Amino acid sequence: MSPSPSPTEFQELLHEQISNEFSASQQYIALGVWYDAHDMPQMARHFYAQAVEERNHAMMIIQYFLDRDIDVRVPSAAAPTTEFDDYEDPIALALAQEKIVTEQIVALASSARDNGDYLGEQFMQWFLKEQVEEVAQMTTLQTIARRADGNLFDLENFVERELNTAGAAPDAAAPPAAGGNL
């Protein structure tokens, strides 16, 4: 049996992204817990759902490695921030996190293209589209939170009406997740 070839730059970055996605999932769990502890069930539900989505993203990358017969490393996740001064701070953190993830995804797509990894480049296309949606959604949530100006009932009503899409059809174009999407 011959040894596995050395991972490419793209594959190394993709392994790092598994950790980034699991870390984002943990952070969203922490935000959901914070909102739950502050009696904001709609915001909590929204961030718990975001946590599952980020976990699914990590599992999509794992499935990509499995499908390509590339060794997979399951990394640790960074410890989340859990203390906030007010109800707007977790949203600001989430928006900043999504902007960082967008930069990471763009770097991944660029690396795949620069290294002639056309399968990797194609895989990253869905993630690029997803990040546009994630940043837009968090930007809107931040805008609505500011407009609510402390009226948490208005914020909770908006989130329930516009963001909590339980039962929404899954994106048929999404890559498969190892073990299936939760």
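Modeller: Let's begin with R73, which counts as partly exposed because its relative accessibility is 41%; that class lies between buried, under 20% relative accessible area, and exposed, over 50% (1.4 Å probe, protein chains only). Keep in mind that this is a predicted model, where local features need pLDDT of at least 70 and side-chain atom pairs count only at pLDDT 80 or more, while totals for chains, interfaces and linings use all residues. Residues are numbered from 1 along each chain as its sequence is written, and side-chain values use heavy atoms, leaving out hydrogens and water.

Biologist: Which residue does R73 form a salt bridge with?
Modeller: With E12, the closest N and O atoms being 3.1 Å apart. A salt bridge here is a side-chain nitrogen of Lys or Arg within 4 Å of a carboxyl oxygen of Asp or Glu.

Biologist: And what parts does that pair tie together?
Modeller: R73 lies in the loop between α2 and α3 (89–114) and E12 in helix α1 (residues 9–37), so the pair links parts 61 residues apart in sequence. Helices are DSSP runs of H or I with at least four residues, strands are E runs of at least two, and both are numbered from the N terminus. E12 is partly exposed, at 30% relative accessibility.

Biologist: How many salt bridges are there in the whole structure?
Modeller: The search finds 5. One of them joins E133 and K129, at 3.4 Å from N to O. Those two sit 4 residues apart in helix α4 (residues 118–148), so about one helical turn separates them.

Biologist: Is K129 buried or partly exposed?
Modeller: Partly exposed, with a relative accessible area of 33%. E133 counts as partly exposed too, at 42%.

Biologist: New topic: at what angle do α2 and α5 pack?
Modeller: Helix α2 (residues 41–67) and helix α5 (residues 152–163) pack at about 40°, with their axes 8 Å apart. The axes are lines fitted to C-alpha atoms over the stretch in contact, and angles run from 0 to 180 degrees between N-to-C directions. That makes α2 oblique to α5, a class left over after roughly parallel (under 35 degrees), roughly antiparallel (over 145) and roughly perpendicular (65 to 115).

Biologist: Which residues make the contact?
Modeller: P41, Q42, M43 and H46 of α2 meet L155, E156, V159, E160 and L163 of α5, with contact meaning heavy atoms within 4.5 Å.
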